[in-house]
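Keep the picture open while you read.

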Amino acid sequence: MILVTGGRGFIGAHAVRALLDLGERCVLGQRSAGPLPALLRGVPDGHAVMEPLDCAEPGSVLAVGRRHRITGVVHLAASGLGASPPLEEVQTNTAGLFAVLRAALEWGVARVVVASTIGVYAGADGPSYREGAPLPVASPHPIPASKKIAEIVADVAASSGQEVVSVRIGAIWGPLGRPSSPFFAAPGLVHAAVRAGARSGAGDAGAVRGGPAPASPAGATPGGSAVDGMPPVYAEDSVDMCYARDCGRAIALLQTTPALRHRTYNVGGGRAVANHEVAAAVGRVVPGGVPALLPGRSPGSPALDAHLDVTRLREDTGFVPEYGLDRAVADYVGWLRAGHPR
């Protein structure tokens with residue numbers, strides 16, 4: 001069985017779903033108790049098994065291997081964003097990675113996939129981020145700082161004979177994700193549109209249908225937010241986005257592909273998507289539900305629209321995204337309208 005730490009979480013549940021679709025069986029390791037995520041309900045008995053697991057406690061990790069034959073590991077568990085002071089957060093996450101790697105070595109697993117982030121490229125030369133590019137030591141946020149440490153530890157383990165693969169994950173959105181993100185606008189735009197559609201019924205004829213994003217409302221103040229509960233959303237701001245179902249499948253392929261040629265892979269959409277593109281796609285699915293965006297780029301935003309180069313991923317696993325922007329928005333809206341809060 002493949003152990004997915006953080007298997008009840010956002011990306012973890014999608015990785016488990018994709019592994020199950022590939023014929024694997026999974027152990028979902030999670031510190032907090034709870035039911036299977038909605039995405040996994042209805043799977044056959046024994047195919048997705050929940051286990052209590054605290055990566056900060058090596059004995060907790062090793063105990064999973066006494067109850068199940070673990071053949072691979074996808075390590076996604078991490079302390080929650082802002083749950084601890086930055087130094088404690090880095091310490092906890094690094095200790096958890098050591099516990100997982102040592103357990104994997106004891107179990108003799110074939111491969112450990114370790115989650116990293118697009119954030120490690122902050123300060124690197126763009127616009128196309130390639131895995132072989134040198135990375136700055138400094139980080140603008142505790143998350144990429146922690147992930148850089150994790151990549152160094154993973155590389156040391158790989159140099160010692162373990163097969164450890166670091167996965168630099170882009171901006172992920174879709175079912176089970178947060179309703180809004182401090183890093184990109186897409187989840188908030190979809191949730192806002194679904195809420196607006198629920199209030200107004202069929203919507204109105206002024207929805208975006210493939211053209212530019214709607215202009216700021218009259219009287220909007222510069223720097224103000226045009227979307228309730230979200231930071232200001234600017235039409236030209238962009239980010240490399242990957243829909244959650246595609247992200248899960250990419251991670252599953254990196255775990256199960258028989259031979260990989262590299263230790264590090266980008267997982268993303270392969271291009272920068274602007275907020276006005278997202279708004280247009282949302283308008284095609286939820287007429288009248290598109291919030292107005294602020295024009296131009298946000299103050300201080302980079303002049304280049306950087307994106308992840310996913311050539312390695314495509315060439316080594318055959319991965320091609322199945323969810324274009326329109327299909328992703330339609331799927332996400334359908335999921336939320338089915339009564340799922342996330």
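Eleven of the 13 residues of helix α6 are buried, so the helix is largely enclosed by the rest of the structure. Here, buried means under 20% relative accessible area, exposed means over 50%, and partly exposed lies in between (1.4 Å probe, protein chains only). Among the buried ones are Cys247, Arg249 and Leu253. Helix α6 covers residues 244-256 and reaches 18 Å from its first C-alpha to its last, close to the 18 Å expected at 1.5 Å a residue. That expected span is 1.5 Å times one less than the number of residues. Helices (H or I, at least four residues) and strands (E, at least two) are DSSP runs, numbered from the N terminus.

This is a predicted model, where local features need pLDDT of at least 70, side-chain atom pairs count only at pLDDT 80 or more, and totals for chains, interfaces and linings use all residues. Residues are numbered from 1 along each chain as its sequence is written, and side-chain values use heavy atoms, leaving out hydrogens and water.

Now for the sheet. Seven strands form an open sheet with parallel pairing, in the order β3-β2-β1-β4-β5-β7-β10. Strands β3 and β10 stand at the edges with a single partner strand each, so one side of each has no neighbour in the sheet. Two strands pair if DSSP finds at least two bridges between them.

| Strand | Residues |
|---|---|
| β3 | residues 48-52 |
| β5 | residues 112-117 |
| β7 | residues 164-169 |
| β10 | residues 264-267 |

Six bridges join β5 to β7, and Ser116 has Arg168 in β7 as its bridge partner.
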